[in-house]
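Thanks for making the time this morning.

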Amino acid sequence: MNASHDWLNAFVQTSMTPAALRDLITARCATVDDMVSLRADLSEIVIGYVVEASRHPNSDHLWVTRVDAGTGELLDVVCGAANVTAGKRYPFAPAGATLPGGLKLEKRKIRGSLSNGMLCSARELGLGDDHEGILELNTEAAPGTPFTSAMGVGDTRYVIDVQPNRPDLLSHLGIAREISAASQQPMRWPDLPDVSHSFATAPSVAASALRAGSVEVRLEDAAGAPRYMGVVIRGVSIGSSPAWLTARLESVGARSINNVVDATNYLLHELGQPMHAFDVAKLEGSAVIVRRASADERLRTLDGVDRILNPQMTVIADAERAQGIAGVMGGSESEVTDATKDIFLEVATFDPASVRRTRRALGLSTDASYRFERGTDIELPSAALARAVSLILAVAGGEVDGAPVDLYPAPRARAKAVLRVSRVAQLLGEPIPAAEIERLVTSVGFKCAKHEGDSSFDVEIPSWRGDVRAEVDLIEEIARLRGFDSFSEELRPFRSGSVPASPLDTVLKRVREALVMKGLLEARPMPFVSGAERGFVRVANPIAENEAYLRRELLDTLSRRAEHNLSQMQRNIRLFEIGSVFDPGDADLPREEMHVAALILGDRRPAHWTEPPSPAFDEWDAKALGEEITRAVAPGSRSAFRPGEGDVLWTIEIDGARRGEVRKVSLDAPLWAAQAFGAEVSVERLTAEPVAAAGTARYKSVAVSQSPASHEIRYQVLPTTPSSSFDIAVLVPNDMRAEQVEEAIRRSAGTLLEKLTLLSEYRGDSITQGMRSIAWHLVFRHPERTLESREISSRRERLLRTLEGELGVRQRTA
Amino acid sequence: MTTQEFFEALQRAHVEGSARISAAATPLELTDVRNALIGRKNGSLSQLMRELPSLPEADRREAGARANSARVAIEEELETRKVSLDADTPPQPTLDLSMPGRQSWRGAKHPVTLIIEEIEGIFRDIGFTIALGPEAELEWYNFGALNFPADHPAMDMHDTLYLGKEVLLRTHTSPVQVRTLQSYPPPIRILAPGNVYRRDFFDASHAPMFSQIEGLAVDEGVSFVDLKATLSYFANRLFGKTKTRFRPSYFPFTEPSAEMDVECQLCSGRGCSGCKGTGWMEILGSGMVHPAVLQSAGVDAERYTGWAFGMGPGRMAMLRYGIPNIRLLYDSDVRFLEQFAR
Ligand SMILES: [Zn+2]
């Protein structure tokens, strides 16, 4: 919503500067997003204070002055105006400034005297035709102050962010009403310059059909148009608008079209009531019929586009065909043109939801539809029509043909609500006296009747405030009108909440810390993927058809991110993500799960001058990463990494259930890129099932005595006895897993085995084909005494016997 | 010395010896260790060997064999350590200490995560806990329960991505309010971070998915004063000492609704092009929970009142770290992410 400072001032006279008014509107009403000076061409003009003025030595009509323009030094300025006087202020354009009209001032010598700028006349500033002398300013503003703000010259446009619940603010009338309440200044409707006609004939009221002069008006769709007013004006002369009207429209960014259309536009911005003028000559059968469109009915709208209508849409038709789409846009056939003589002026209230559906169906949004779909004031059309007639007669001539019609089959009574003074205090946190409540709400048009005996009010809601329905809405009005800044910011005691910290969040934070410590970088990409019809959740109305699905796994989107990095010539990539994945599931609801995944490729560590180039990440790094994630996701749980197939290197089981995998990741990668590896683990299902039926709750029991989690760390007594250790190297067939050998080692070594570490794997010429040598390091310790070397050597021998006996695995001999 | 004492001393000497061998850091140290263990004169093992004749005749053979195998083992360990020390020791003894140290890869949290954690930290201090909810959400939780009017322009601000009939990608984190109120009785003090979706096309400041963080406090006697006080406290913690300003706004699920501004971080409130000359910067939307929302969740709206707020950590991250384009938050360029390593 654009509003003009001058226009608002015509409703409420305030002495506020534009910035002060902006802040007031923002604080009490709706946020002013922007403030535009409409005389930006004067932005470089400042207040100049003439300290000295003396005759020019080489000229008898020039003056040499010394001007304070706030720069900290006095400027020499040559001036040709007879009225220049020391001790007065004038608009000053410093050298370098551009005057309205485009003249750029430069420092120059005038008859031998240097001039650093120019003292300006009204005409030079585009403020009138007076060029008899420079413009003497009646102000005390400091030298150097911008001229426009010091003098209030030039209108200011406010760009106001009106929220969808406040259509009453989509007009100067509405904003002015709020300014009047906030500044406690009276409000009046502005005089229309040049308007002398006062509209006298009362409208004739009926439910469905009436004649407005020679035109028959019929309301067949009262649901789409709860109120329909119209009037015929004959003998208008279409032409251009007077300057004041054009200027008003320009002040809100609207373009002048012709006097009649401009008049209706003026009223749209002034009162928030959209109107439309039809050329009576183009209305077949001199009829205006408000009805539903027929199926596939066509209409060329004012913008020249042919529209196909449907029976859900309300149209304004003549006896033959649609001539306009109700509340959205008129038709081009009955448009007011230079040839128009007689007009039918429509001032109506259209149903918000119906206009909204039509606007969306046609993809056609206008100033009118914007206001109608938010809701216009159903009591406004009679006053707006009277004002419109006055204005049109004033700017386009003509005369009213018969009385206006007012088809209003079901007049609406104003809504009411009860307001309790105690509820105001409960919600706002400060007691507000009943008298203050009454003053506040009546200041914007509510009517209050105090209940006898208790402290509450019956409040009548004005017709333009459809957003106010219940007590709580009135309490918002009170808070807003009193000013949010009037409420204290005292931190008061609070009770701690009943909701336990989310266990899922705890896990996710632990995982994130672990992966960051491992040197990984957190990504937060979008979940949209190219997907496929089967197995993926599809977005019904996707933003891009090539990314219409939701990911099933994080490694999908992480891969795209890795490819992006490769395209940026980044060869070392270590990304992780914590996020949701989606599966169609088998019910109506998609199955959503929180996952953690990491993707690595490139150097295992940064290069260092002491070392050869770092090896690249390999499957063992990926496995360790998988283990890291698994430990963080399910600490203390039993996890197993089972060899997988194909690109899947390992599947990850936690407590016997498959929860993730470690795998090679194929990327669309350049030749120089290293192999990528990924690990992904499912953390928890996120269910969207309803918690309880609407309007009810189903409280969870908050477990008070949760037994300590199994992963809780318990201190183990430090050993007091020395350990003993030995290595073994055995030949293991390629098809036997190291895991199997380890199991046998543990079984044979017994309980004193403290630690078993795989040291190395060796394949080579000295090793039998199909075999490899694997070496382990074993550490033994007895908790109470030193193990004798004999005990150790006998264990070693027993171990080798077991391996050979059970697995056929022998010690490697040199 | 009894035989038993001899065996124990022998074991001790072996174990200690092994430890000293692995602790030796240079070939020179290793030579010292060698002398201390098996040096002819003072080596601890050599001294023990000299005790052999004093043992009972019957035990001497056994004792000798053990002492000998311990010596052989020690010698092997010495040899192994020598080989590895020779390989480890850099040839030149003087180090240029200005050379750079050995690095490992540095990880980093996403800037949006950093902001979320900062916000969570502040609210945790005043008794809030974290609650999470699904991103694929039921329409009722996203709109109906939150008092959104059907066929109303309020819906235009929530251009929605649908997954099916009555299932959508949540357009805000506010559904978590309703789910929480249905799951736990008041008093409620929760913070709900998460991803939300809008059918917005990418530009410098909009993306179809972004993060949001929601707060909710419901109890008896909770009022607009609590809202203002808590959110101002929060702003002063997050931005340092700052003025705050509350402006009228509209959200279907709060009444009254207010947006909170802090002094513009770019110009400290003096007014600049970043804040369009106002000196203020919008930080969050808030309001008193609409009674209809409490009723949707089965809460007695006459007895309990509440306030809620929501804000965009992405926008705050852009502000805090001077990130000019929202796309950088999603691209996951490692050169971008590495800048947030600490
Ligand atoms: Zn600023």
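The lining of the second largest cavity is made up of five nonpolar, five polar and four charged residues, where Ala, Val, Leu, Ile, Met, Phe, Trp, Tyr, Cys and Pro count as nonpolar, Asp, Glu, Lys and Arg as charged, and the others, Gly among them, as polar. This is a predicted model, in which local features need pLDDT of at least 70 and side-chain atom pairs count only at pLDDT 80 or more, whereas totals for chains, interfaces and linings use all residues. Residues are numbered from 1 along each chain as its sequence is written, chains are lettered from A and ligands numbered from 1 in the order in which they are written, and side-chain values use heavy atoms, with hydrogens and water left out.

About 150 Å³ of space lies in that second largest cavity. A cavity, on a 1 Å grid over the protein atoms alone, is a set of points where a 1.4 Å probe fits but cannot get out, and lining residues have an atom within 4 Å of a point; the volume is the space filled by probe spheres set on the points, which are joined across faces, edges and corners. Among the 14 lining residues, P167(A), D168(A), L271(A), D377(A) and W464(A) lie nearest the centre of the second largest cavity.

Turning to the largest cavity, its volume is about 400 Å³, and of its 27 lining residues the closest to the centre are L508(A), R512(A), R524(A), P193(B) and G194(B). By class, this lining holds 10 nonpolar, six polar and 11 charged residues.

How many salt bridges does the rule find across the interface of chain B and chain A? The count is 10.

As for the extent of this interface, 115 residues of chain B are in contact with 120 residues of chain A, contact meaning heavy atoms within 4.5 Å. The two chains bury about 9,800 Å² between them, 58% of it on carbon and sulfur atoms, buried area being the accessible area (1.4 Å probe) that two parts lose on being put together, summed over both. W105(B), Y184(B) and P248(B) supply 8% of the area that chain B buries against chain A, more than any other three residues.

Definitions and conventions: Salt bridge = Lys/Arg side-chain N within 4 Å of Asp/Glu carboxyl O. 1 Å grid on protein atoms, 1.4 Å probe; cavity = no way out; pocket = protein on both sides within 12 Å on 5 of 7 lines; lining within 4 Å.
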